[in-house]
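Subject: Structure for you to look at

Hello,

Please find the sequence and the structure below.

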Amino acid sequence: METQTIRSVPGFAAAVRRSDQGNLPISSASRLLAQPLVPFYQLEGGDLEKECSSAAHTIANVADKLRRLSSAYGEWQHFDAPAFFDLYPTQVDLLLHVAERVSTVHITFYADLLLPSFQRMEQYWSDEFFPAYQAAYPFEQRTDKRSSYTRHFFEITQPKMIAYFQRTLAVVRSVRETLSEDIGFLATAGGSEERAQWQHYWPRRSAQALDKILLLPLEQLPTLTLSMTFPLPAHRQPGRLRRLRRMWRSKQWRKAGDW
């Protein structure tokens, strides 16, 4: 199974559900932080209240940047996402997805990945939880038959993972509550869309021996993922000239039919 990039709470939960599959993952948070983020995206960690306040402020500003992009996009011959968002190209690849369609542009910004709590959780899963799970697998039900790897997983690794997960959920829920009356955030909130990306993992059987806290229903997983759709500038639309000619000819034929 191909390892997918983890950059949202629903995506993380989907990855945990299949901890018995795939190759050793590469941490998205470690890749993001390989080059320093500009101060605009740097959030305070440690204290829960400070992280939530810092995150709410930053994400509100990112939502505003997304809304302004709808009018600025047409000014670029080829949209330069690193320049507009002030990010390194590798950071853009992780935080942003830009999809140009026939007549619209769809932007997704994975804001969960900016949270220090999410970064710590995702790095722990990638660097420690996943290898520990693989070492302990398959799990012996009888406690007197368990290997040292299995005991370590149940006594140390999984409880620590649960604590990181619960902390991240608390931060995301608090930030969403803080921004619940922010029109800019509400206009760009992409939680439903992001959960839909991962829904096919929930009908499947989850990996063995995972605590139920790590197996929350998909609808209970909050996210700060943002998304925005706006018209693709007319001069950038593929086949626009052909469509205009077709419309012009159609009008000419209708006029000729009136005589």
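A search of the whole structure finds three salt bridges; a salt bridge here is a side-chain nitrogen of Lys or Arg within 4 Å of a carboxyl oxygen of Asp or Glu. Before the details, note that this is a predicted model, in which local features need pLDDT of at least 70, side-chain atom pairs count only at pLDDT 80 or more, and totals for chains, interfaces and linings use all residues. Residues are numbered from 1 along each chain as its sequence is written, and side-chain values use heavy atoms, with hydrogens and water left out.

As background, side chains of opposite charge can pair when their charged atoms come close. Glu51 pairs with Arg167, and their closest N and O atoms are 2.7 Å apart. Helices (H or I, at least four residues) are DSSP runs, numbered from the N terminus. Both Glu51 and Arg167 are buried, where buried means under 20% relative accessible area, exposed over 50%, and partly exposed in between (1.4 Å probe, protein chains only).

Asp64, Arg67 and Arg68 are linked in a network of salt bridges. Between Arg67 and Asp64 the closest N and O atoms are 3.0 Å apart; the two residues lie in helix α3, three residues apart, about one turn of the helix. Between Asp64 and Arg68 the corresponding distance is 3.1 Å. Asp64 and Arg68 are separated by about one helical turn, because they are four residues apart in helix α3. Asp64 counts as partly exposed at 29% relative accessibility, as does Arg67 at 31% and Arg68 at 41%.

Two packed helices

Two packed helices are described by the angle between their axes and the distance between the axes. Helix α6 (residues 116–136) and helix α7 (residues 148–178) pack at about 160°, with their axes 10 Å apart. That angle makes α6 roughly antiparallel to α7. Axes are lines fitted to C-alpha atoms, for helices over the stretch in contact, and angles run from 0 to 180 degrees between N-to-C directions. Angles under 35 degrees count as roughly parallel, over 145 as roughly antiparallel, 65 to 115 as roughly perpendicular and the rest as oblique. Which residue classes make up the contact of α6 with α7? There are 16 nonpolar, five polar and four charged residues (nonpolar: Ala, Val, Leu, Ile, Met, Phe, Trp, Tyr, Cys and Pro; charged: Asp, Glu, Lys and Arg; polar: the others, Gly among them).

Aromatic pairs

Rings of Phe, Tyr and Trp (its six-membered ring) pair if their centres lie within 6.5 Å; planes under 30 degrees apart count as stacked, over 60 as edge-to-face and the rest as tilted. By this rule the count comes to 18 aromatic pairs. Phe84 and Phe85 have ring centres 5.0 Å apart and planes at 75°, so this pair is edge-to-face. Phe84 is buried, with a relative accessible area of 15%, and Phe85 is buried at 1%.

Phe129 and Phe153 form a tilted pair, 5.3 Å centre to centre with 50° between the planes. The pair links distant parts of the chain, with Phe129 in helix α6 and Phe153 in helix α7, 24 residues apart. Phe129 counts as buried at 0% relative accessibility, and Phe153 is buried with a relative accessible area of 0%.

Regards
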